[in-house]
Amino acid sequence: MRRVFGGLSVVFSDLCPLHSMYQPLQSRGNLVMLFKGCRRFVRTTCRVSIPGGSLGNESKAPPRFLRDKKIVPDADPPHMEDIQKLYRLFEQSSRLTILTGAGISTECGIPDYRSPNGAYSSGFKPITHQEFTRSSRARRRYWARSYAGWRRFTAAQPGPAHTALASLEKAGRINFMITQNVDRLHHRAGSDPLELHGTVYTVMCLDCGFSFPRDLFQDKLKAINPKAKAIESIDHGDPGSEKSFGMKQRPDGDIEIDEKFWEEGFHIPVCEKCKGVLKPDVIFFGDNIPKERATQAMEVAKQSDAFLVLGSSLMTMSAFRLVRAAHEAGAMTAIVNIGETRADDLVPLKINARVGEILHRVLDVGSLSVPAL
């Protein structure tokens, strides 16, 4: 039912009681008002346009060099049936666990490995834990490339999926969140997920375990390397040109640069506590997730009444075994991802869609009562 109040169009929908009194909310730029009527509660949603401003927080647009990248796989708009099914999963669960993967960060301009446009499609092979620990040359190569790409990597802003999930968390619709991503975009959106594979924002010592912020490592590396200024200059020039960055950005933030920058005369800081080898606090291929972290993730999965995978192909066993454990424990399970996943034959609901697009459509359905951040 539609009514007009002073030029403001309001759509009324008959829903179950949510609140015992009028309560104004904001939801992604919408003004949501709940009233107690004579016979039932009604929830009204109205889109309000305010000159010179907006309701709620909006994600900042990524820089052009991130936005122009063709790294998000093509996908049709989500079907209304799928939107409604995903809405029901949120509505019916009380212990929902979310697992996010690279698919939500590609929407922010950060590449992934396994999608049709991902790093593997060009023949790229990421560094392994064994390479990093055994070869000083491999470490020089890694840190020089990572140093060169750091500013570009950290320029990415949280996307629609990150902000939608933060809103759902704030509304109490998510019990626990786990991410495979190392980019801290969830944190910048207001969430605090368990980082299954660690984060590039922390550097740790392989010998004594001492850790400190990545920005401090960047400063240390710059101070002891005359070549650092030349490496930084690779990150200058026309942002829309691949040539200005040497070659493509990689999923973990590094970019390919010429060997002349790191083959000789490039020095890596050592641990200030024990002079040991420093490494980003991420799980490289061939490494194992710390036992305490893996145990926590598994316990959460088993205790969930619903488990939703967003933007992950689940090709790593550390992620696949979580959704499998939740399924075996009787939880509702679902996946939103563009392309095939390792668990397609396991879960009853698989939706092929962009995560940010479908989540915000879900927020516009029914009575989740999600406030803006």
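Select C274 first: at 35% relative accessibility, this cysteine is partly exposed (between buried, under 20% relative accessible area, and exposed, over 50%, with a 1.4 Å probe and protein chains only). The model is predicted, so local features need pLDDT of at least 70 and side-chain atom pairs count only at pLDDT 80 or more, while totals for chains, interfaces and linings use all residues. Residues are numbered from 1 along each chain as its sequence is written, and side-chain values use heavy atoms, with hydrogens and water left out.

A disulfide requires a pair of cysteine sulfur atoms within 2.5 Å, and a search of the whole structure finds zero disulfides. Another cysteine to select is C108, which is buried at a relative accessible area of 2%.

Proceed to the charged pairs. The whole structure holds five salt bridges (a side-chain nitrogen of Lys or Arg within 4 Å of a carboxyl oxygen of Asp or Glu). Select K220 and E272, whose side chains form one of them at 3.6 Å, N to O. This pair links distant parts of the chain, 52 residues apart: K220 belongs to helix α7 (residues 214-224), and E272 to the loop between α8 (228-233) and β11 (278-282). Helices (H or I, at least four residues) and strands (E, at least two) are DSSP runs, numbered from the N terminus. K220 is partly exposed at 28%, and E272 is partly exposed at 44%.

Then select K350 and D344, which meet in a salt bridge of 3.4 Å, N to O.

A further salt bridge joins R173 and E91 at 3.5 Å, N to O. R173 lies in the loop between α5 (160-170) and β7 (176-179), whereas E91, 82 residues apart from it, lies in helix α2 (residues 80-92).

Remain with α2 and display the whole helix. Its 13 residues reach 18 Å from first C-alpha to last, close to the 18 Å expected at 1.5 Å a residue (the expected span being 1.5 Å times one less than the number of residues). Which residues of α2 are buried? They are D82, I83, L86, Y87, L89 and F90. Viewed down the axis of α2, these buried residues fall within an arc of 155°, so they line one face of the helix; the arc is that of the directions from the helix axis to the C-beta atoms. Finally, select E81 and Q92, the exposed residues on the face of α2 turned away from its buried side.
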